[in-house]
Amino acid sequence: MVEYKMAHKRDYYEILGVSRTSTDAEIKKAYRKVAMQFHPDRNPGDKAAEDKFKEAAEAYEVLSDADKKKRYDQFGHAGLGGNGGGGFSGGGMRMEDIFANFGDIFSEFSGSGGSPFDAFFGGGGGRSTRGRGVRGSNLRVTIPLTLSEVSKGAHKTIRVKKYVTCKTCDGTGAKDKQSFQTCSTCKGSGVVRRVTNTMLGQMATTTTCPTCHGEGQMITAKCSTCHGEGRMYNEETIDVNIPAGVGEGMQLSLSGKGNAGERGGAAGDLIILIEEEQHEELTRDGNNVVYELYISFVDAALGTSVDVPTIEGKARIKIKPGTQAGEIFRLKGKGVPNVNSYGTGDQLIHVNVWVPKELTKDEQATLEKLRNSNNFKPHPSKNEKNIFEKMRDFFT
């Protein structure tokens, strides 16, 4: 395949703390929150904070773009070509790139005398909407596919052990609807706000309420089945539709099919890692498949017809008299479809002329008679190309 393997990169939704169902406004708000936490002005000289600030910008660049977000939701980082957000390169992005690309957000800084962080991150007394529960973690499973399944696409039914929503309390973690009370610390907002004086002026910071952990309410009587967690460990059967053209190491994401969240929190995602099984006779090279054909010296000289394996079965090809070792035959459209529906690859057949390693006396005698025959002496023309030139010409 075209190399889909990649270094481990964090999930963009996890970086911003949002779910796949979050709206554009929620994603933007979450980005502001993370950027505020790790902004270089608030963390001078902190390289780790700067890296997280850049990481958040990379995540936002993808999730704020409808096309990139769609590809990322379906194929993970592989859907972006392995380079993160396309225009950026992850940790290598520059601060000026961030401010240039997200100028519409950073231009929201006000000049009214308040802290620039207040203007940028929605300060000035605004209250954050409280969250419900704790988001469930993502799960990762590996699904092996044959070359035929890769070519046609596949439907798989898998069984996954994971946390599922408690049926007794419907995920709330409470005994009943009356078993809640508003958090006395944050008054139901889920956050606490603190104003401090800095060299830039007053700066307001908003943090998750330590008492209710951002939920805005407390459980007074827990569910007897899940003991207040809102979920139970169980097994679930999940149907997975895999598109044609996927490759080794590619990731597919099923939104909301991961671990159930605590106390009604959003479920995580199920990340499907594709593992491509090796075919007995064919080798995949991007969207093309390659077959190494071995023919005898006699068949190469006289010509013949042979059956070659393909993804779908067998195909008969004609070997012309005088076929040279290194010749390449193409079976148009017999390869693997492009995962983005941009056509289908071909099957390439590399011709290898088999030279016998052992001969009988009669065979030796026959060949000795032909040794000095003019037609059996190499006499390539000026137009004759070596195997490297043939490969170059074939692919260009």
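Let's start with Glu262, which is partly exposed at 24% relative accessibility. By that I mean between the two cut-offs: buried is under 20% relative accessible area and exposed is over 50%, using a 1.4 Å probe and protein chains only. What does the side chain of Glu262 meet in a salt bridge? The partner is Arg231, at 3.7 Å from N to O. A salt bridge here is a side-chain nitrogen of Lys or Arg within 4 Å of a carboxyl oxygen of Asp or Glu. Glu262 sits in the loop between E8 and E9, while Arg231 belongs to strand E7 (residues 231–242), so the pair ties together parts that are 31 residues apart in sequence. Arg231, with 12% relative accessibility, counts as buried.

A quick word on what you are looking at. This is a predicted model, where local features need pLDDT of at least 70 and side-chain atom pairs count only at pLDDT 80 or more, while totals for chains, interfaces and linings use all residues. Residues are numbered from 1 along each chain as its sequence is written, and side-chain values use heavy atoms, with hydrogens and water left out.

Now the wider view. The chain has 11 helices and 15 strands; helices (H or I, at least four residues) and strands (E, at least two) are DSSP runs, numbered from the N terminus. Of its 396 residues, 39% count as buried. Looking at contacts between residues at least 6 apart in sequence, 68% join residues at least 24 apart, where contact means heavy atoms within 4.5 Å.

Back to salt bridges, then. How many does a search of the whole structure find? The count is 21. One of them joins the side chains of Asp269 and Arg135, at 3.6 Å from N to O. Asp269 is in the loop between strand E8 (251–254) and strand E9 (270–276), and Arg135 is in the loop between helix H7 (116–120) and strand E1 (139–145), so this pair ties together parts that are 134 residues apart in sequence. Asp269 is buried, at 1% relative accessibility, whereas Arg135 is partly exposed, at 26%.

The loop between E8 and E9 also holds Arg263. The side chain of Arg263 forms a salt bridge with that of Glu215, at 2.7 Å from N to O. Glu215 lies in the loop between strand E5 (201–208) and strand E6 (217–219), so here the linked parts are 48 residues apart in sequence. Are Arg263 and Glu215 buried or exposed? Both are buried.

Let's stay with E8 and E9 and look at their sheet. It is an open sheet of three strands, in the order E1-E9-E8, with mixed pairing. E1 and E8 are at the edges with a single partner strand each, so one side of each is left without a neighbour in the sheet. From one strand to the next, the twist averages 30 degrees, taking axes as lines fitted to C-alpha atoms and angles from 0 to 180 degrees between N-to-C directions. E8 and E9 run antiparallel and are joined by four bridges; two strands pair if DSSP finds at least two bridges between them. Across that pairing, Leu252 stands opposite Ile272 in E9.

Another antiparallel pair is strand E12 (residues 304–309) with E13, joined by six bridges. One of the partners is Lys318 in E13, which bridges to Ser305. The hairpin has four residues between the strands, and Gly313 takes a positive phi near 155 degrees.

On to a helix. H3 (residues 47–63) has 17 residues and reaches 24 Å from its first C-alpha to its last, close to the 24 Å expected at 1.5 Å a residue; the expected span is 1.5 Å times one less than the number of residues. Its buried residues include Phe53, Tyr60 and Leu63. At the N-terminal end, Asp46 caps H3, with a side-chain oxygen 3.1 Å from the backbone nitrogen of Ala48.

Last stop: Ser189, in the loop between strand E3 (180–182) and strand E4 (191–198). Ser189 is buried, at 7% relative accessibility. A polar atom of its side chain lies 3.0 Å from the backbone oxygen of Cys186, and the backbone oxygen of Val191 also lies 3.0 Å from a polar atom of the Ser189 side chain.

Terms used. Polar contact = N/O pair within 3.5 Å; in protein donor to acceptor, adjacent residues only side chain to side chain.
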